[in-house]
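Please look over the sequence and the model shown here, and then follow the paragraphs below, which go from the chain as a whole to single residues.

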Amino acid sequence: MNLDNFKNTWQQQNTDTAAAITINQTILADIKVNKQMKELTNMKWARIIESAAFFYIIVLLGQYIAKDFSLSASTISAFILTIFAIVGLAGNIGQIVLISKIDYAKPVSQLQKDIYSVCAHKLQLTKLLLMSVPFYMAYVFIGFDLLLGIDLFQHLELHMIWFYSLSSILLLVVTTLVLTKIHYQNIAVAWVKRTIQFIVGERLVNMAQFINSLESSDS
């Protein structure tokens, strides 16, 4: 074999190797996309089941309100909890639509935001539950009525009504301030990062940091 033959053989091997690497990378990318598509399908079914649960709660609360349609504390409490259930149902429906519209052909920044929104569902659900904390007396009033048949509000003294009212207002202010801070744009704040990591996990923190870095480079 002379030098020219050796060069041709070497170049041909390089070409074959590069083609093999390209094919393997394509196969790996397809496998990764298929795995993520399967995860998204499972998430969609989970959201459908959650939507059915929220709808069932709305029906039960609606029946409770219709049974005693008055301005009693328990009826107003049921109305407040119905609003939270409707918000939860709307959020789940929005998730189902978002998952259905996930398009891997979108720009990386937009695709990452869509994936983040899907993966942040548990965080949003937790925030919704925390938003209902200031209305904790709604659970108490309905519980007393359902379990004991007692309208607790009628038995509360005035100073206790003031105590529960002021504590609810204080909790509303605190939870509103805290929950508005829990956003991917504030992921650099230590307590926000720890909170998101505790509720959802390290993966969402990494995605938030990646989105922030993309937005910083675009601006």
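A polar contact is a pair of N or O atoms within 3.5 Å, where, within protein, one atom must be able to donate a hydrogen and the other to accept it, and where residues adjacent in sequence count only if both atoms are side-chain atoms. With that rule in hand, one can turn to Thr82, whose side chain has a polar atom 2.6 Å from the backbone oxygen of Ala78. This is a predicted model, in which local features need pLDDT of at least 70 and side-chain atom pairs count only at pLDDT 80 or more, while totals for chains, interfaces and linings use all residues. Residues are numbered from 1 along each chain as its sequence is written, and side-chain values use heavy atoms, with hydrogens and water left out.

The protein chain holds eight helices and zero strands, where helices (H or I, at least four residues) and strands (E, at least two) are DSSP runs numbered from the N terminus. Read from the N terminus, the order of elements is therefore α-α-α-α-α-α-α-α. Of the 219 residues in the chain, 29% are buried, a word that stands for under 20% relative accessible area, with exposed meaning over 50% and partly exposed the range in between (1.4 Å probe, protein chains only). The accessible surface of the chain comes to about 14,600 Å², and carbon and sulfur atoms account for 68% of that surface; such areas come from the Shrake-Rupley method with a 1.4 Å probe, and for residues only the protein chains shown count as cover. If contact is taken as heavy atoms within 4.5 Å, then 67% of the contacts between residues at least 6 apart in sequence join residues at least 24 apart.

Confidence should be kept in view while reading these features. The average pLDDT (the predictor's confidence in each residue, from 0 to 100) is 83 for the protein chain, and 84% of the residues score at least 70. Among the elements, helix H8 (residues 202-218) has the lowest mean value, 74, whereas H6 has the highest, 92. Where pLDDT is low, the predicted coordinates should not be read in detail.

Helix H6 covers residues 158-181, and its 24 residues should span 34 Å at 1.5 Å a residue, which agrees with the 35 Å between its end C-alpha atoms; the expected span is 1.5 Å times one less than the number of residues. The buried residues in H6 are Ser167, Ser168, Thr175 and Leu179, and the buried residues of this helix pack against helix H4 (121-131) and helix H5 (136-148). Ser168 counts as buried because its relative accessible area is 17%. A polar atom of the Ser168 side chain lies 3.0 Å from the backbone oxygen of Pro134, and, leaving aside neighbours within four places in sequence, Ser168 is in contact with Pro134 and Tyr136.

Tyr136 leads on to the aromatic residues. Rings of Phe, Tyr and Trp (its six-membered ring) pair if their centres lie within 6.5 Å, with planes under 30 degrees apart counted as stacked, over 60 as edge-to-face and the rest as tilted. By this rule there are four aromatic pairs. The rings of Tyr136 and Tyr164 have centres 6.4 Å apart and planes at 75°, so this pair is edge-to-face. The pair links distant parts of the chain, since Tyr136 is in helix H5 and Tyr164 in helix H6, 28 residues apart. Both are partly exposed, Tyr136 with a relative accessible area of 25% and Tyr164 with 22%. Ring pairs join Tyr136, Phe163 and Tyr164 into a cluster.

Helix H5 also contains Ala138, which is buried at 4% relative accessibility.

Helix H2 (residues 73-100) includes Ser74, which is buried with a relative accessible area of 7%. The side chains of Ser74 and Tyr64 are joined by a polar contact of 3.4 Å, and, with residues up to four places away not counted, Ser74 touches Tyr64, Phe141, Ile142 and Asp145. Under the sequence limit of four places, Thr82 touches Ile58, Leu61 and Ile65, and the C-alpha atoms of Thr82 and Ile57, residues 25 apart in sequence, are 7.8 Å apart in space.
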